[in-house]
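The following note is intended to accompany the structure shown below.

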Amino acid sequence: MRSPQPLRNGGDNSCSPSHNRRFQSTVAEHKLRRFNSLILVFRLVSFSFSLASSVFVLTNTRGSDTPHWYHYDTFRFVLAANAIVAVYSVFEMGASVWEISRGVTLFPEVLQIWFDFGHDQVFTYLLLSANAAGTTMARTLKEMDTCRASNAFCVQMDIAIALGYAAFVFLGLTSLLTGFRVVCFIINGSRFHL
């Protein structure tokens with residue numbers, strides 16, 4: 001009859017039920033939960049700024065004699081980039097809430113880590129390029145007499161672009177944190193150093 005206790009002195013007992021389990025302390029679980037909560041907060045702030053930027057662009061129509069945002073390709077790009085990031089942030093906030101509440105990722109762990117990091121990088125650069133293009137067009141309009149004739153249009157576009165830059169900053173910070181998770185996964189085999 002085999003002993004139910006594991007072998008001592010370095011022996012291997014692969015029949016034990018705890019053989020495949022990794023030790024995880026409650027302190028490590030709290031650290032992971034805090035880390036994921038920080039990512040969730042950054043995603044929420046990024047969502048708020050990108051949604052506000054989209055709303056500011058969409059509502060920037062005064063009358064028939066003033067310029068409209070849809071007449072300028074760069075302002076359409078600013079709207080599209082911020083709207084895409086807002087939708088992506090909603091999805092990622094849902095995935096973060098799922099991970100915090102259940103303790104597991106929505107997709108398999110390796111896929112979730114690379115998905116988050118890759119998309120955070122792509123959408124961060126998308127926001128940066130859209131807002132840089134919008135800044136250039138806003139400067140061009142100020143050099144022309146467009147902003148003198150319709151100052152409210154230019155001010156509202158400046159606000160929308162500034163909100164887009166704020167969304168870029170917080171999505172960039174999220175990208176740094178998800179990059180940290182990728183590095184931890186590569187080094188330790190886990191998304192967070194436990």
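1. How many residues does H5 have, and how far does H5 reach from its first C-alpha to its last? Helix H5 has 38 residues and reaches 55 Å between those two atoms, close to the 56 Å expected at 1.5 Å a residue. The expected span of a helix is 1.5 Å times one less than its number of residues. Helices (H or I, at least four residues) and strands (E, at least two) are DSSP runs, numbered from the N terminus. After H5 comes Gly-189, whose phi is positive, near 85°.

2. On the basis of the model: this is a predicted model, in which local features need pLDDT of at least 70 and side-chain atom pairs count only at pLDDT 80 or more, while totals for chains, interfaces and linings use all residues. Residues are numbered from 1 along each chain as its sequence is written, and side-chain values use heavy atoms, with hydrogens and water left out.

3. On the overall fold: the protein chain comes to 5 helices and 0 strands, in the pattern α-α-α-α-α along the sequence. Of its 194 residues, 39% count as buried; buried means under 20% relative accessible area, exposed over 50%, and partly exposed in between (1.4 Å probe, protein chains only). Among contacts (heavy atoms within 4.5 Å) between residues at least 6 apart in sequence, 78% join residues at least 24 apart.

4. On the annotation: the unreviewed UniProt entry places the feature "transmembrane region" at residues 40–59, 79–101 and 161–187. UniProt positions are given in the numbering used here, feature names are shortened, and annotations may be inferred rather than shown by experiment. In the model, residues 40–59 are 95% helix and 0% strand, with end C-alpha atoms 28 Å apart. Residues 79–101 are 100% helix and 0% strand, and the end C-alpha atoms of this span lie 33 Å apart.

5. On helix H2 (residues 73–102): its 30 residues should span 44 Å at 1.5 Å a residue, and the end C-alpha atoms are 43 Å apart, which agrees. Gly-103, with a positive phi near 80°, follows H2.

6. The crossing is left-handed, a term used if the near helix is turned anticlockwise from the far one by less than a right angle, with right-handed used if clockwise. H2 contributes Phe-75, Asn-82, Val-85, Tyr-88 and Glu-99 to the contact, and H5 contributes Phe-153, Met-157, Ile-161, Gly-164, Leu-171 and Arg-181. These residues divide into 7 nonpolar, 2 polar and 2 charged. Ala, Val, Leu, Ile, Met, Phe, Trp, Tyr, Cys and Pro count as nonpolar, Asp, Glu, Lys and Arg as charged, and the others, Gly among them, as polar.

7. Gly-164 counts as buried because its relative accessibility is 0%. The C-alpha atoms of Gly-164 and Ala-52 are separated by 8.3 Å, although the two residues are 112 residues apart along the chain.

8. Neighbours within four places aside, Thr-178 is in contact with Ile-39, Arg-43, Asp-116, Phe-117 and Asp-120. Gln-156, also in H5, counts as buried at 10% relative accessibility. With neighbours within four places again left aside, Gln-156 is in contact with Phe-56, Thr-59, Asn-60 and Arg-62.

9. On partly exposed positions: Leu-128 is found in helix H3 and counts as partly exposed at 32% relative accessibility. Beyond its neighbours within four places in sequence, Leu-128 is in contact with Tyr-165 and Phe-168. Val-110 is placed in H3 (residues 109–143) and is partly exposed at 42%; its C-alpha atom is separated by 8.8 Å from that of Ser-190, 80 residues apart along the chain. Ser-37 lies in helix H1 (residues 26–58) and counts as partly exposed at 27% relative accessibility.
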